Every structure is written in structure tokens, then in C-alpha cells.
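The following note is written for a reader who is new to protein structures. Please read each point with the structure in view.

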Amino acid sequence: MILKIAGMALIAALGFVLLKKDRADFAFVLEICATAGLLLFVFPYLENLLDIFAHLTDSVKSEFDFTKLLIKISGIAIISRLICELCKDAGEQALAVKFELAAKVLILINAAPAFKELYGLLSAIVENLL
């Protein structure tokens, strides 16, 4: 699988380099299309990752759904990294930094309920020990 992804990425990179000097706008569109193509190629394999998340959260005795949270936070992280790199490639470093900061804030906002739940679990463990 990695060889297919690497091959697709190298072909896109070659096209990007060839187009960049004469048609930077088309090169950027090619980069976006190649990125979307690579993501579409990888999406079917995400089922294994979702199964791992589900198994991990099933082992925790809690009513809180950690699986949804892990998926949401992972999605925010992956998408924000992708968009930041595209912004940097387009020459918009300042926008990339601001978007990355916004994504980190979103991750913290989404993770806050998990911190609360973990604090409750740890408190219960400490109370049982004492």
C-alpha cells in the first residue's frame, strides 16, 4: 500500500514541479487534487483504526463515549495539518499559523469533557484506595 501512495505522491510532485514555474495556479490545483486523491485512497483503511478506538474505549468502564471523541479530535488534527500545509504551499504562512492555532483551540474545546471524565475516574480510584 505504501508503495502505491508513494508512487502517486511522486507523480503528483513531478507534475507540481513541472507546472510550478509556468503555471503556479494550475500547480496548486494539481496539489489539491493529488491530496484529495491520496486521502480517498487511504479512507477505506480507516476502519481498522476505528476498530482499535472502539476496543480501547470498551475496555474503560465509563458511560462517556471516548470513541467519538478520539475520532473527532483525530479528524481535526489531520484536517488542520493538511490545510496548514496547503496554506504554506500557497505562500500563506501567516494564515497557516492562525489556522493551526484555531485547530488547537478546537481540539482543547472538544477534549474538555474527556478531561472532566478522566478526573472523575481518577477521583473515584483515589477514594477507593483511601
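1. An axis, as the word is used in this note, is a line fitted to C-alpha atoms, for helices over the stretch in contact, and the angle between two axes is taken between N-to-C directions and runs from 0 to 180 degrees. Two packed helices are described by the angle between their axes and the distance between the axes. In this predicted model, helix α4 (residues 66-89) and helix α5 (residues 93-129) have axes that come within 8 Å and cross at roughly 170°.

2. What is the orientation of α4 and α5 to each other? Angles over 145 degrees count as roughly antiparallel, and α4 and α5 are therefore roughly antiparallel to each other. Sorted by class, the contact of α4 with α5 comprises 17 nonpolar, 3 polar and 5 charged residues.

3. Helix α1 (residues 2-20) packs with helix α2 (residues 24-42) at an angle of about 170°, and their axes are 8 Å apart. The helices α1 and α2 are therefore roughly antiparallel to each other. On the side of α1, the contact is made by K4, I5, M8, A9, A12, G15, F16, L19 and K20. Among the residues that α2 brings to this contact are F26, F28, L30, L38, F41 and V42. By class, the contact of α1 with α2 holds 15 nonpolar, 2 polar and 3 charged residues.

4. In soluble globular proteins, nonpolar side chains tend to be buried together. The largest nonpolar core here has 5 residues, namely F66, L69, I73, A111 and A114. Both α4 and α5 give two or more residues to this core, and the largest share, 3 residues, comes from α4. Leaving aside residues up to four places away in sequence, A114 touches F64, F66 and L69.

5. Is T35 buried or exposed? This residue of helix α2 has a relative accessibility of 16% and therefore counts as buried, since the cut-off for that class is under 20%. Not counting residues up to four places away in sequence, T35 touches L82 and L86.

6. Two further residues are partly exposed. V42, which lies in helix α2, counts as partly exposed because its relative accessibility is 28%. From C-alpha to C-alpha, V42 and A114 are 28 Å apart in space, and they are 72 residues apart in sequence. E100, found in helix α5, also counts as partly exposed, at 28% relative accessibility. E100 touches R81 and C84, not counting residues up to four places away in sequence. Between E100 and I11 there are 28 Å in space, C-alpha to C-alpha, and the two are 89 residues apart in sequence.

7. With a relative accessible area of 73%, L3 is exposed. L3 and A27 are 24 residues apart in sequence and 23 Å apart in space, C-alpha to C-alpha.

8. The final point concerns confidence. The protein averages a pLDDT of 86, and 96% of the residues score at least 70. Which element has the lowest mean pLDDT? Among the elements of the protein, helix α3 (residues 46-58) has the lowest, at 77, whereas α5 has the highest, at 91. Where pLDDT is low, the predicted coordinates should not be read in detail.

How values were computed:
Residues numbered from 1 in each chain as written. Predicted model: local features only at pLDDT ≥ 70, side-chain atom pairs only at ≥ 80, totals over all residues. Heavy atoms only, no water. Helix = DSSP H or I, 4+ residues; strand = E, 2+ residues; numbered from the N terminus. Parallel < 35°, antiparallel > 145°, perpendicular 65-115°, else oblique. Nonpolar A, V, L, I, M, F, W, Y, C, P; charged D, E, K, R; others polar. pLDDT = per-residue confidence, 0-100. Contact = heavy atoms within 4.5 Å. Core = buried A, V, L, I, M, F, W, Y, C linked by side-chain atoms within 4.5 Å. Buried < 20%, exposed > 50% of the residue type's maximum accessible area, 1.4 Å probe, protein only.
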